[in-house]
Amino acid sequence: MHSALEPHHQDARNPGIPFNRDWVAEVRINRSAVERRAATIPKRRTVKKSHQAAWLLRAIRCLDLTTLAGDDTPDRVARLCAKALMPFRMELAEALGVDVAKYRPAAVCVYHEMIEPARRALAGSDVKVAAVSTGFPAGLSPLKLRIAEVEASVEAGAQEIDVVISRRHVLRGEWEALYDEVQQFREACGPAHLKVILGVGDLGNLREVGQASLVAMMAGADFIKTSTGKETVNATLPVGLVMARAIRDYHDSTGRSVGFKPAGGIRTAKQATDWLILMFEELGEAWTRPELFRLGASSLLNDVERQLDHFAFDRYAASWKQPLP
């Protein structure tokens, strides 16, 4: 395991650096080594009993609780926000001996049209409103419109913006164009934190994932994110390992801390702990906290609550006791 990094203060954002083509060209990935290392996490690393409960409570704090469906309504978003404010039952909180208000998800992630309902539902809490933007999920609308969408979402009150890149820039090796695009998104975000979605399932190979990660960080990304959740392949541990090591290399070279967000297909408590273990071993404890790590998910919270129920009461609760809307 690499020694733990010393992150900047959580409020110190990554300002980016000038584009460095040579650094991008030097990126090399040993695919077989990456896959072997990633395979050790779910097969050989595990946590049990009270340690598992502690990791799962931390996973809740790192959640971006998400609804990105075509049939989203203000009422549906309000119910999701209610779940964010009360992520598990008071009966369970008492059994665990914790204050449920201290274990809320980091954010609720919605489309632009649902920002205002989310803001109203979360008012007075520390749960942030995140919005997907820039022609999500394909990112193929005109650049001016994508920038305007970011600005509109920030004006509407989104505190975090999840943008999608033009994957064609990666596939064609147009690294400076990708840098310029992300830099413009960063400028449009203003005070809102910028999470850059690479859409790894649409990229050609792990080297391109590493290169795109590096360029996004150079351009000022606060987080790099695996996927929209709409691709055929979304968050996988090998991809996560490549992106985590890109974050480590960037930190080693610049001293700046960039967050990481896997998203898409993360549905079980076991998967959540796998991701937390990867972060802990590759980057250190600071990258298991919401300031630098998020899990993009919609149904994950249900399984996490089921596992906590089993720890607290030695049985699994009925599914209707913790349904997400």
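This is a predicted model: local features need pLDDT of at least 70, side-chain atom pairs count only at pLDDT 80 or more; totals for chains, interfaces and linings use all residues.

Student: How do H11 and H12 lie to each other, roughly parallel or roughly perpendicular?
Tutor: Helix H11 spans residues 237–254, and helix H12 spans residues 269–282. Their axes come within 10 Å and cross at roughly 30 degrees. Angles under 35 degrees count as roughly parallel, so H11 and H12 are roughly parallel.

Student: Which residues of H12 make the contact with H11?
Tutor: H11 passes H12 in a right-handed crossing. On the H11 side, the contact uses Leu237, Gly240, Leu241, Ala244, Arg245 and Arg248. The H12 side gives Trp275, Leu278, Met279 and Glu282.

Student: How many residues of that contact of H11 with H12 are charged?
Tutor: Sort them by class. Six are nonpolar and one is polar. The charged ones number three.

Student: How does H3 lie to H12, roughly parallel or roughly perpendicular?
Tutor: Helix H3 covers residues 49–61. The axes of H3 and H12 come within 10 Å and cross at roughly 85 degrees. That angle falls in the range 65 to 115, so H3 is roughly perpendicular to H12.

Student: How many residues in the contact of H3 with H12 are nonpolar?
Tutor: H3 brings Trp55, Leu56 and Ala59. H12 brings Ala269, Ala272, Thr273, Leu276 and Phe280. One residue of this contact is polar, none is charged, and the nonpolar ones number seven.

Student: What is phi of Lys49?
Tutor: Lys49 lies in helix H3. Its phi is positive, in a residue other than glycine. The value is near 55 degrees.

Student: Which peptide bond is cis, with omega near 5 degrees?
Tutor: Look in the loop between strand S3 (128–133) and H7, where Pro137 lies. The cis bond runs from Phe136 to Pro137.

Student: Which residues does Gly157 touch, leaving out those up to four places away in sequence?
Tutor: Gly157 sits in the loop between helix H7 (143–156) and strand S4 (160–164). Gly157 and His112 are 45 residues apart in sequence, yet 9.8 Å apart in space, C-alpha to C-alpha. The residues Gly157 touches are Ile115 and Arg119.

Student: Which elements give two or more residues to the lining of the second largest pocket?
Tutor: This pocket has a volume of about 480 Å³. Its lining counts 26 residues, with Thr66, Leu68, Ala297, Ser298 and Ser299 nearest the centre. The elements asked for are helix H4 (74–85) and strand S8 (295–297).

Conventions:
Residues are numbered from 1 along each chain as its sequence is written. Side-chain values use heavy atoms; hydrogens and water are left out. Axes are lines fitted to C-alpha atoms, for helices over the stretch in contact, and angles run from 0 to 180 degrees between N-to-C directions. Helices (H or I, at least four residues) and strands (E, at least two) are DSSP runs, numbered from the N terminus. Angles under 35 degrees count as roughly parallel, over 145 as roughly antiparallel, 65 to 115 as roughly perpendicular and the rest as oblique. A crossing is left-handed if the near helix is turned anticlockwise from the far one by less than a right angle, and right-handed if clockwise. Contact means heavy atoms within 4.5 Å. Ala, Val, Leu, Ile, Met, Phe, Trp, Tyr, Cys and Pro count as nonpolar, Asp, Glu, Lys and Arg as charged, and the others, Gly among them, as polar. On a 1 Å grid over the protein atoms alone, a cavity is a set of points where a 1.4 Å probe fits but cannot get out, and a pocket is an open set with protein on both sides within 12 Å along at least five of seven lines; lining residues have an atom within 4 Å of a point. Grid points are joined across faces, edges and corners, and a volume is the space filled by probe spheres set on the points.
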